[in-house]
Amino acid sequence: MSPEIIRRRVVVLGATGSIGGCTMRVARALSEKIEIVGLSGRHNKNLLLELAQEFPSAHLCAGDETSSAWLSSQLGGRHVLQGDSGLLELASLPSSDVVLVAIVGTAGLKPSLRALECGKDLAVASKEILVMAGEEVMRVARHTGSRILPVDSEHNAIFQCLEGRDHSTVKRLILTCSGGPFRQATAADLRAVTPEQALRHPTWEMGRKISIDSATLFNKGLEMIEAKWLFGIPMEKIDVVIHPQSIIHSMVEFVDGSILAQLSSTDMALPVQFALTYPYRFEGPCEPLDLAALGRLDFEKPRSDLFPSLDLARRAGSVGGTLPAVLNAANEAAVDAFLAGKLSFPGIWESVARAMDEVPFVEHPTLEELIAADLAARAAVSYGD
Ligand code: NAD
Ligand code: MG
């Protein structure tokens, strides 16, 4: 197909969030190429209403019955789906080509599997679903021939660097990491961190959960496991380097010593756009980089002693089985507890490490066993109440 005539019909799960917002900017800028045919949002029903008005032919899904009834009444009786069953319906819309999943956490897993089963391409922002059930997601995609298009900026960068190249010549994937707001903190500083401080990310504007994950570096840990599944590369070939400016989004080192990198401004619109228009490139909403104005790019080793998340994730990703699902679910529960003021900042790492030791391990889990491990890990995060 020639690039001039591509038209992708896109369902956006999690349209009212931060990635959802970037996707809308891309869709507005490339309205000839991208048609929004489905939108879901669980929070912020006013924003979902605005989007529904902007995209009058899109199918809609609200979080629950009350929001769906409210939206429908505001939209002159337009049909609005709701809840988990509505997400499954949206994921399998006959009129779509691509489902972009940008729901925070693992709530997007079942709709993602449904989309793949229906032969849709899946643009994945929700890294948690690959951490929890990467093997199953990749298996279903292989089975139906659906493409998995990475939206996470690091994986999108690696996807770009690997395009058309032989994976057997890859020596290492190098994920870049901003280091988060506490890159230079001491152990004592970390014990006193408040949710407000942890939510203030130095380079990216993001949803609350991923902002906390970026502060603990669990975000990078989840991304190491995400990379293993997306690119079929073993954990020992996946490295992390701290790069505070967040301009290089990740790199691939090849066996001959050559390193390819992808650079762009800190705007998730670019990876969203590349995933939605792949393999074509168009002028979009992302600001170009001014390298001379930037002046320099810095790199450091991650501080594994103070931030145990990378070692925990490496262990989970290497051991496999239910361990990544346990790490991910315990982290989700611990982040909620931290944001609610019920757990200290280092308590997030402690809770995840404890859940990884306590929850019974299954080496070759079924999807049901993964879901059970996820629930057990959440229950293992106790914080007194
Ligand atoms: P967000 O909190 O801003 O938005 C989440 C969206 O999901 C909202 O539309 C919300 O209504 C919906 N949602 C939340 N819980 C839901 C549930 N249980 N069922 C159905 N819908 C639900 O999150 P975000 O920052 O946009 O991140 C979304 C995903 O993308 C996360 O997995 C995150 O790790 C990943 N990601 C985000 C960024 C970023 O820059 N924000 C970058 C890379 C990857
Ligand atoms: Mg990322």
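For the lining classes I count Ala, Val, Leu, Ile, Met, Phe, Trp, Tyr, Cys and Pro as nonpolar, Asp, Glu, Lys and Arg as charged, and the others, Gly among them, as polar. The model is predicted, so local features need pLDDT of at least 70 and side-chain atom pairs pLDDT 80 or more, while totals for chains, interfaces and linings use all residues. Residues are numbered from 1 along each chain as written, ligands from 1 in the order written, and side-chain values use heavy atoms, without hydrogens and water.

Entry 1, cavities. I took a cavity as a set of points, on a 1 Å grid over the protein atoms alone, where a 1.4 Å probe fits but cannot get out; lining residues have an atom within 4 Å of a point. A volume is the space filled by probe spheres set on the points, which are joined across faces, edges and corners. I found two cavities of 30 Å³ or more.

Entry 3, the second largest cavity. I noted a volume of about 30 Å³. The lining here has three nonpolar, six polar and no charged residues, among them His 249 and Ser 264.

I looked up which residues coordinate the magnesium ion (ligand 2). They are Asp 152 (OD), Glu 154 (OE) and Glu 223 (OE), at 2.1 to 2.2 Å; donors are N, O and S atoms within 2.8 Å of the metal (3.2 Å for Na, K and Ca), and water is not among the atoms, so the site may look incomplete.

Methods:
1 Å grid on protein atoms, 1.4 Å probe; cavity = no way out; pocket = protein on both sides within 12 Å on 5 of 7 lines; lining within 4 Å.
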